[in-house]
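Here is a quick tour for anyone meeting this protein for the first time. Take a look at the sequence and the fold, then read on.

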Amino acid sequence: MPLPHDALVLVADGRKMLFFRNHGDESQIDLRTEAHDARKDRKDREIKTDAPGTTKQSAGYGRSTYEEPDFQQQEEDRWIKDAADELKARVLRNDFEALAIVAPPKALGVLKKCLHKEVERRIVCAVNKEMSGRPIPDIEALLVGETQTELPNV
């Protein structure tokens with residue numbers, strides 16, 4: 001299905017969230033920036049609060065530590081969940097009828113798990129690609145030939 005006039009386009013990854021509106025029609029996409037936000041990168045020491053936990057070994061002396069979580073990935077996942085919350089707020093305000101999503105596979109998988117049912121119903125196109133750092137004409141070119149696709153099972 002072509003991207004209709006006034007469709008919302010979300011281009012996101014774990015660090016950026018860009019919302020565009022299609023001011024063109026189904027045959028000629030013309031994206032205009034509606035909103036954008038970027039996450040400030042933080043060091044691991046700013047995110048974590050404690051040292052990794054330890055456990056007593058079953059044999060011998062000493063203690064082993066638990067594997068430390070990937071704090072940067074947790075921050076990126078939280079950022080994508082914020083994008084899903086923004087889409088939910090917009091759909092409940094009836095802000096868009098059609099939605100196209102462009103995100104890398106990992107971010108798209110996290111986003112899929114967090115989407116409201118009404119948001120899912122309005123998706124006309126989902127593209128597995130990192131495009132948040134690309135200019136608008138590149139995003140438009142990517143969306144020109146895209147049709148309805150299923151979100152990946154990640």
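Is Cys 125 buried or exposed? With 4% relative accessibility, Cys 125 counts as buried, where buried means under 20% relative accessible area, exposed over 50% and partly exposed in between (1.4 Å probe, protein chains only). Cys 114, at 29%, counts as partly exposed.

A word on the ground rules. This is a predicted model, so local features need pLDDT of at least 70 and side-chain atom pairs count only at pLDDT 80 or more, while totals for chains, interfaces and linings use all residues. Residues are numbered from 1 along each chain as its sequence is written, and side-chain values use heavy atoms, leaving out hydrogens and water.

Now the layout. The protein has five helices and seven strands, taken as DSSP runs numbered from the N terminus (helices: H or I, at least four residues; strands: E, at least two). Of its 154 residues, 40% count as buried.

Five of the strands make an open sheet with mixed pairing, in the order β3-β2-β1-β6-β7; two strands pair if DSSP finds at least two bridges between them. β3 and β7 stand at the edges with a single partner strand each, so one side of each is left without a neighbour in the sheet. Over in β2, seven bridges join this strand to β3, and the two run antiparallel. Arg 21 stands opposite Arg 32 in β3.

Contact means heavy atoms within 4.5 Å, and angles run from 0 to 180 degrees between N-to-C directions, with axes fitted to C-alpha atoms (for helices, over the stretch in contact).

| Helix | Strands it meets | Angle |
|---|---|---|
| α5 (residues 136–144) | touches β1, β2, β3, β6 and β7 | about 115° to β3 |

What about the inside? The largest nonpolar core has 23 residues, and Leu 10, Leu 87, Leu 99, Ile 101, Leu 111 and Leu 115 have the most contacts inside it. Such a core is a set of buried Ala, Val, Leu, Ile, Met, Phe, Trp, Tyr and Cys residues joined through side-chain atoms within 4.5 Å. Helix α2 gives the most to this core, with six residues. A second, separate core of 18 residues includes Val 11, Cys 125, Met 131 and Leu 143. Back at Leu 10, its contacts include Met 17, Phe 19, Ala 83 and Val 102.

Definitions and conventions: Lists of a residue's contacts leave out its neighbours within four places in sequence.
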